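This briefing goes from two single residues to the chain as a whole. Please look at the sequence and the structure before reading on.

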Amino acid sequence: MALTNNKAVLDWVEEMAAMTQPDAVVWVDGSEAQLDELRGQALKSGEIIALNEEKLPGCFLHRTAVNDVARVEHRTFICSRREEDAGPTNNWMDPQEMYAKLKRLYTGAMKGRTMYVIPFSMTVPESPFAKFGIEITDSIYVVLNMAIMTRIGLRVLRCLDASKDPSDFTKGLHAKAEIDEENRYIVQFPEDNAIWSINSGYGGNVLLGKKCFALRIASHLGHNEGWMAEHMLILGIENPQGEVRYLAAAFPSACGKTNLAMLIPPEIYKKKGYKVWCVGDDIAWLRIGPDGRLWAVNPEAGFFGVAPGTNMKSNPNALLSTQKNTIFTNVVHNLDDNTVWWEGLDKNPPANALNWKGEKWDSADGSKGAHPNSRFTAPAGQCPCISDKFEAPEGVPISALVFGGRRAKTAPLVYQSRDWQHGVFVGSIMASETTAAASGAVGVVRRDPMAMLPFCGYHMGDYFRHWLEMGKRIPKPPKIFNVNWFRTDEDGGFIWPGFGDNMRVLDWIIGRAFDEADAVESPVGYLPKAEDINLDGLDKISLETLRSLLSIDKELWREEARGIHEFYEKFGDHLPRELRDELAKLEANLA
Ligand code: GTP
Ligand code: SPV
Ligand code: MN
């Protein structure tokens with residue numbers, strides 16, 4: 001039975017049902033009773049496996065098809081009416097052509113299946129900044145994940161119905177179809193506020209509230225409405241005086257957002273009374289507040305985090321978040337005690353186990369048990385260091401914005417931009433090695449401006465312009481920084497210990513943001529002197545090593561500047577002149 005009289009919603013659901021032809025339509029009300037019934041059905045069909053009730057209560061394992069394990073950037077489209085509005089970094093097709101092509105694929109795609117209608121809200125639905133959507137899907141896995149990652153159900157419909165424009169919601173359509181790689185499409189239609197996803201059952205391709213809506217569509221909305229949707233974690237650092245200062249940081253996929261968002265400070269900081277609070281681990285919506293500062297909300301309700309590498313040392317808070325009510329995707333199934341395992345969880349791979357494909361697995365043969373992009377879906381509220389502002393409708397005030405990527409060379413451990421305009425330049429020239437989060441080669445350096453290359457829903461040059469314009473409108477703008485935890489030595493090992501020790505760098509960043517820390521000028525921006533980074537209790541890093549991590553190799557940077565020129569060429573006259581000026585300044589500084 002439909003849960004609303006909202007005509008716009010009813011008409012659209014009816015139209016989608018007529019096309020996809022499901023056997024039944026089920027409206028998801030968000031109740032535990034209904035979710036439980038769906039879990040029961042998914043258990044019966046084998047779509048999910050119930051894990052050890054004592055050790056992992058309320059937890060399930062799901063395996064995707066082997067050809068369907070990551071985002072697919074080459075099959076992701078921004079179908080704006082004009083090709084120019086999608087820009088040179090997005091795939092584009094004429095919307096009418098794309099609709100026609102997809103309609104053929106969706107027609108009858110849900111025959112013999114049930115269609116689920118999920119009303120969802122990004123941020124708490126009662127917030128003035130909430131955005132509403134409906135996702136139609138034929139996957140219970142999607143329903144159960146959306147119930148963790150977003151706020152869903154009746155509560156959302158009531159807020160949509162009571163809103164200024166009850167026809168203003170994002171229309172998300174997902175069908176698994178045949179999980180056919182050749183016909184897999186993840187398509188955003190920004191002007192229609194619509195997302196069509198077909199032939200995948202994997203996370204980011206099908207949890208439409210996440211990258212598809214909260215970044216691609218939302219960045220387009222933010223451009224029109226004067227705010228920003230960014231691929232950023234949000235965290236608060238509480239100092240010994242009890243004051244909490246917030247920052248937001250953009251790193252590409254699988255480059256350390258979840259880890260940084262819930263880091264545990266080193267002993268010397270803990271002893272003094274420092275604490276870190278997690279507001280969000282992946283996406284930030286940023287708006288100018290009435291006080292002239294930039295405020296951030298986390299639109300999501302859960303974490304869809306990378307499993308491999310997560311352990312009690314690297315990220316205890318993430319691991320503890322996943323001990324109940326969590327869905328694990330593509331990890332190892334330990335048959336002895338019906339729990340899960342992944343590379344880097346501990347040094348004891350289970351002897352009696354199935355790998356992520358569901359095959360009998362022997363770790364001794366050298367193969368990976370968990371897929372490198374295997375993930376956990378956990379309610380954010382279960383994180384031991386979740387911020388008490390996590391659901392605050394107004395969000396938190398941001399004092400520093402941080403960009404960062406995986407760079408074996410070139411980028412120093414940390415540097416600060418000279419001002420907002422230079423900070424936008426620093427974000428625009430970000431580059432990072434590719435990871436398993438998207439299909440394709442891993443470890444290739446590519447430009448990924450603001451970590452938004454796969455997620456910007458419009459022309460990237462106009463996106464840069466939007467950043468510059470926002471800077472002019474923010475009376476008290478945050479300072480902008482760049483970090484790199486991933487410089488390597490001759491043997492390819494990471495030099496900086498990372499994880500909890502990143503606190504030492506954040507300490508300098510926050511110090512700079514509040515004019516409490518020193519810096520020196522360099523060709524690329526302000527750098528800390530090695531003495532400005534607190535190394536107490538970190539014996540393995542000498543001042544000498546830290547100096548090397550903070551060094552600027554002019555020859556490498558000149559090469560970098562040439563790469564930036566080439567990259568900027570793509571944007572033609574959409575590239576703001578200010579960024580060309582900044583590049584010229586960088587080149588002059590390096591000469
Ligand atoms: P998405 O969820 O894809 O957006 O990824 P993410 O940016 O949240 O990355 P995440 O924190 O899950 O980390 C991804 C990988 O980077 C994991 O294998 C981590 O172990 C590793 N990693 C995270 N932080 C650090 C760090 O400070 N140093 C090093 N060397 N590795 C790190
Ligand atoms: C990412 O790739 O940045 C993720 C995973 O967070 S996904 O939801 O698949 O996009
Ligand atoms: Mn993450």
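Arginine 504 is found in helix α14, which covers residues 503-513; helices are DSSP runs of H or I with at least four residues, strands are runs of E with at least two, and both are numbered from the N terminus. The model is a predicted one, in which local features need pLDDT of at least 70 and side-chain atom pairs count only at pLDDT 80 or more, while totals for chains, interfaces and linings use all residues. Residues are numbered from 1 along each chain as its sequence is written, chains are lettered from A and ligands numbered from 1 in the order in which they are written, and side-chain values use heavy atoms, with hydrogens and water left out.

**Arginine 504**

- Arginine 504 is buried, with a relative accessible area of 2% (buried means under 20%, exposed over 50%, partly exposed in between, with a 1.4 Å probe and protein chains only).
- Its side chain reaches the backbone oxygen of asparagine 534 at 2.9 Å.
- A polar atom of the arginine 504 side chain also lies 2.9 Å from the backbone oxygen of aspartate 536.
- Leaving aside neighbours within four places in sequence, the residues in contact with arginine 504 include Pro266, Tyr269, Trp496, Asn534 and Asp536 (contact means heavy atoms within 4.5 Å).

**Glycine 405**

- Glycine 405 is found in the loop between β24 (396-404) and β25 (414-416).
- Glycine 405 is buried too, at a relative accessible area of 8%.
- Not counting residues up to four places away in sequence, glycine 405 touches Pro252, Ala431, Ser432, Val483, Asn484 and Phe486.
- Alanine 17 is 388 residues from glycine 405 along the chain, and their C-alpha atoms are separated by 43 Å.

**The whole chain**

- The secondary structure comes to 17 helices and 30 strands.
- The radius of gyration is 23 Å, close to the 25 Å that the globule rule gives for 591 residues, so the chain is as compact as a globular protein of that length (the radius is taken over C-alpha atoms, and the rule is 2.2 Å times the number of residues to the power 0.38).
- The C-alpha trace spans about 65 × 55 × 45 Å along its principal axes.
- Of the 591 residues, 61% are buried.
- Among contacts between residues at least 6 apart in sequence, 71% join residues at least 24 apart.

Technical notes:
Polar contact = N/O pair within 3.5 Å; in protein donor to acceptor, adjacent residues only side chain to side chain.
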